[in-house]
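Subject: Structure handover

Hello,

Here is the structure I promised to pass on. My notes follow below it.

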Amino acid sequence: MKFRPLHDRILVRRIEAEEKTAGGIIIPDTAKEKPQEGEVIAVGSGARAESGQVLPLDVKAGDRILFGKWSGTEINLDGEDLLIMKESDVMGVIESASTAKKAA
């Protein structure tokens, strides 16, 4: 797939939620909510400041993020459902335990 978001937009693939609860109850598709967690596939070049300077984005391809329930625009590229959203719609980046230990 060749797609490059522009400016401060990012391309995100939703990460599907578990189909079972901790107690082992299977959740049917009709009761599931859309996941609010995703993986960044591609990022734009950055936002432009009033001075004309391009400010790089805080997220990068491969990051795992949390975003709002109604964030982004749903699109279908190459048969895959993806989201295009602005970086400002991202609430935070989920860091794995191994990454957090290395930083400490």
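**D63 and its surroundings**

Leaving aside neighbours within four places in sequence, D63 is in contact with G38, E39, V40, D58 and V93. Contact here means heavy atoms within 4.5 Å. D63 sits in the loop between β4 (54-55) and β5. Is D63 buried or exposed? D63 is buried, at 10% relative accessibility. The cut-offs are under 20% relative accessible area for buried, over 50% for exposed, and partly exposed in between, with a 1.4 Å probe and protein chains only. A polar atom of the D63 side chain lies 3.0 Å from the backbone nitrogen of K60. That is a polar contact, meaning a pair of N or O atoms within 3.5 Å; within protein, one must be able to donate a hydrogen and the other to accept it, and residues adjacent in sequence count only if both atoms are side-chain atoms.

**What you are looking at**

This is a predicted model, in which local features need pLDDT of at least 70 and side-chain atom pairs count only at pLDDT 80 or more, while totals for chains, interfaces and linings use all residues. Residues are numbered from 1 along each chain as its sequence is written, and side-chain values use heavy atoms, with hydrogens and water left out.

The protein chain has one helix and eight strands. From the N terminus, the order is β-β-β-β-β-β-β-β-α. Both element types are DSSP runs, numbered from the N terminus: helices are H or I with at least four residues, strands are E with at least two. Of the 104 residues in the protein chain, 24% are buried. Take the contacts between residues at least 6 apart in sequence: 63% of them join residues at least 24 apart. The accessible surface of the protein chain is about 7,600 Å², and carbon and sulfur atoms account for 52% of that surface. Areas come from the Shrake-Rupley method with a 1.4 Å probe; for residues, only the protein chains shown count as cover.

**The sheet**

Six strands form an open sheet in the order β6-β7-β1-β2-β5-β8, with antiparallel pairing. β6 (73-77) and β8 (90-94) are the edge strands; each has a single partner strand, so one side of each has no neighbour in the sheet. On average, neighbouring strands of this sheet are turned by 45 degrees against each other, direction ignored. The axes behind that angle are lines fitted to C-alpha atoms. Two strands count as paired if DSSP finds at least two bridges between them.

- β6 and β7 are antiparallel, with five bridges. I75 has L82 of β7 as its bridge partner.
- β1 (residues 9-14) and β7 (residues 80-86) are antiparallel, with four bridges. I10 is bridged to M85 in β7, and V12 stands opposite L83 in β7.
- β1 and β2 (residues 37-43) are antiparallel, with five bridges. Here I10 is partnered by V43.
- β2 and β5 (residues 64-67) are antiparallel, with three bridges. E39 has R64 of β5 as its partner.

**The core**

Which residues make up the largest nonpolar core? There are ten: I10, V12, V40, L57, V59, I65, F67, L83, M85 and V90. β1, β5 and β7 each supply at least two residues of this core. A nonpolar core is a set of buried Ala, Val, Leu, Ile, Met, Phe, Trp, Tyr and Cys residues joined through side-chain atoms within 4.5 Å. V12 touches G38, E39, I41, I65, F67, L82, L83 and M85, not counting residues up to four places away in sequence.

G44 is in the loop between β2 and β3 (47-48). G44 is buried, at 12% relative accessible area. Beyond four places in sequence, G44 touches P5, L6, H7, R9 and L57. The C-alpha atoms of G44 and P56 are 8.7 Å apart, and the two residues are twelve apart along the chain.

Most residues other than glycine have a negative phi. H7 has a positive phi, near 55 degrees. H7 lies in the segment before β1 and is partly exposed, at 43% relative accessibility.

D78 also has a positive phi, near 50 degrees, in the hairpin of β6 and β7, where two residues lie between the strands. D78 is exposed, at 67% relative accessibility.

Best wishes

Methods
Axes fitted to C-alpha atoms, helices over the stretch in contact; angles between N-to-C directions.
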